Amino acid sequence: MLSTYGHPQYAYVPPVELRAGATRRYAVVVVGAGPVGLAAAIDLAQRGTPVLLLDDDDTVSVGSRGICYAKRALEVLDRLGVGDGCVAKGVSWNVGRTFFRDDEVYNFQLLSQPDHKRPGMINLQQYYLEEFLVKRAQELPLVDLRWKNKVVAVCQSDDLATLQVETPDGVYALETDWLIAADGARSSLRRMLNLEVEGKVFMDRFLIADVVMKADFPAERWFWFDPPFHRGQSVLLHRQPDNVWRIDFQLGWQADPEEEKKPEHVIPRIKAMLGDDRQFDLEWVSVYTFQCRRMRDFRHRRVLFVGDAAHQVSPFGARGANSGIQDADNLIWKLNLVLDRKAPETLLDSYAEERELAADENLMNSTRSTEFITPGSSASLTFRNAVLSLAGRYPFARALVNSGRLSVPSVLEGSSLNTPDSECFRGEMIPGAPMDDAPLREAGRELWLLDAVRDRFMLLCYVDTPAAVDATTLAALAPLGAAPVAVEVVLVAARDGVAPGGLRVLEDSAGRYAERYDARNGTAYLVRPDQHVSARWRTIDSERVLAALARAIGRV
Amino acid sequence: MATLNTAANFSDPDKRYFRAFSPGDDFYEALIDAHRELSDAQSALLNARLILLLANHIGDLNVVREALSIAREDV
Ligand SMILES: Cc1cc2nc3c(=O)[nH]c(=O)nc-3n(C[C@H](O)[C@H](O)[C@H](O)COP(=O)(O)OP(=O)(O)OC[C@H]3O[C@@H](n4cnc5c(N)ncnc54)[C@H](O)[C@@H]3O)c2cc1C
């Protein structure tokens, strides 16, 4: 048992099916109440869609798993109503340091720009993240969250999936239009549907130790290659809340996991690292091997795979839960439009298309980091050490040091939902890009762009002066709000003021919006409910906006 | 006189990069891939050939000499 955390035990309630007997039909069932399944269920409920969420256990993540949650995941968690709780409890950090043998060779800043709401990363034990998400889900009447409900069989036809669910009181059947498989790396749904997951296991083992101690090391990520206290291997140190420190020791493939887990082996390793006199207690110890793999297709007719069930990465880069949360972010608005019959079912193929691409990028980056951290051949080791020996003095070599490329969102550059630029723009906010944040002001009140722009399609029209918006422009914008999938029009203005027609005005108080979005008078951005850019223009033309909208919801 | 460039310098004209670390990581992956399934002796030979090719491409002996001397530091 952990000394700093007591696992909640959530109540199992006998399901209505076992009382009433009849098989029910649901619109959406999510299997797995890990971070990804919870995020998906909350998002659906916030959009007004009832959702059944099944989990085979009755508590949150056991043991030490995910700890680092990146800026983009925090922005999604903000949208789901738990961002503040996570950031308040978590340890925010932006600096990573890398050591080779005795010396620091390199350090990096995660966030190179000022004026973003969220930090580059927070550290937070996964059980806290899940606990906050469960609390949020329980606040939403549309989430029916059932603990100790284990899916034991699944089959599907063209228009529904049928599940058998095992509970302490027996087995029941249910039917659902859509099934979201969020049941983790060993996905039983994947197995029951006879689907493959392809990739590779890395031939190395890592000891993961959580240690409780009082230490005044700064809130930074420290990574050692070949340190004097753990020769020939790597070590990673992270600070978590509650004075818990995560230490990862690379052990090599030959290590015996059962032996290495014993305190008599773990404690000397930690003592060698910290120096002999520091007091600490072991909170959790486990030994892992890591894999990089994914399913070929994330959509199989009525079943949509998300999170670790769909893809699994090594943890160097913290791309597991971070990318899973982005899967849910990408899927749910699409599924909701399909359920409301406002978009064709093929829109769900774009979920698979976009998130398979993101998974490939995550897998590529994690595979590269793993190769650098645990070189697979002596040639690879020689190059690795050569890079590290040059990194202290030569900037080009610093750029090659790869102790984990930490989770950043993918730019969905080639997505079929994007409308390509037809005019010239500078900067990063190309169609498919996740939106950059910016500080704004609305009626004298400070707010963040990403808090103002979310959950629905929006058209951000940049103007110098709100009052100067003329009648023709207003008339041109009118059809957007009335489209079947409404587009909310907002002015982002260089100066504050009142716009005609009651249009909402966001003042670009620090000028960051104009800078980051290369905006000038007349520039318009169509943005998606998941805060990605769909299309952009230099002038406002509602015909073009409606065409881009149709494309973004798969109606082309 | 030209001097050795030790700033990060990898690029790919056919590709748009979104992250500063990506071009260097592309290079490093290609380098490690080139050594796959080679014995140590074969790897050493590959490295020697690679250095000869790249040195000839640079051409300017002042630059090559500077690189040689940095490469030898602390070895
Ligand atoms: C050592 C380590 C460090 C990590 N560090 C990070 C990090 O820093 N950052 C990061 O982002 N990620 C990290 N990860 C990865 C992260 O833990 C996973 O990516 C994340 O848990 C995936 O979430 P998920 O919801 O997809 O699956 P899971 O968290 O595995 O949840 C799956 C859920 O499904 C339930 N379930 C399974 N089968 C059934 C069934 N048949 N019926 C009903 N319910 C079922 C399970 O009980 C579980 O609750 C780390 C992982 C490890 C091991």
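How many residues does the contact take from chain A, and how many from chain B? Before I answer, please keep in mind that what we have on the screen is a predicted model. The contact draws 28 residues from chain A and 25 residues from chain B, and the area buried between these two chains comes to about 2,300 Å², with carbon and sulfur atoms giving 57% of that area. On the chain A side, A:R368, A:F383 and A:L400 together supply 27% of the area that chain A buries against chain B, which is more than any other three residues supply.

Which elements of chain A give two or more residues to the side that touches chain B? They are α10, spanning 347-373, α11, spanning 378-391, and α12, spanning 395-400, and of the side of chain A that touches chain B, α11(A) provides the largest share, with seven residues.

Now a look at one helix of chain B. Helix α2 of chain B, residues 40-58, has 19 residues and reaches 27 Å from its first C-alpha to its last, close to the 27 Å expected at 1.5 Å a residue. Just after α2(B) comes B:G59, which takes a positive phi of about 80°.

Finally, a word on annotation. An unreviewed UniProt entry carries the annotation "domain: FAD-binding" over residues 26-365 of chain A; in the model, the end C-alpha atoms of that span lie 38 Å apart, and the span is 30% helix and 33% strand.

Methods
Residues are numbered from 1 along each chain as its sequence is written. Chains are lettered from A and ligands numbered from 1 in the order in which they are written. This is a predicted model: local features need pLDDT of at least 70, side-chain atom pairs count only at pLDDT 80 or more; totals for chains, interfaces and linings use all residues. Side-chain values use heavy atoms; hydrogens and water are left out. Contact means heavy atoms within 4.5 Å. Buried area is the accessible area (1.4 Å probe) that two parts lose on being put together, summed over both. Helices (H or I, at least four residues) and strands (E, at least two) are DSSP runs, numbered from the N terminus. The expected span of a helix is 1.5 Å times one less than its number of residues. UniProt positions are given in the numbering used here, feature names are shortened, and annotations may be inferred rather than shown by experiment.
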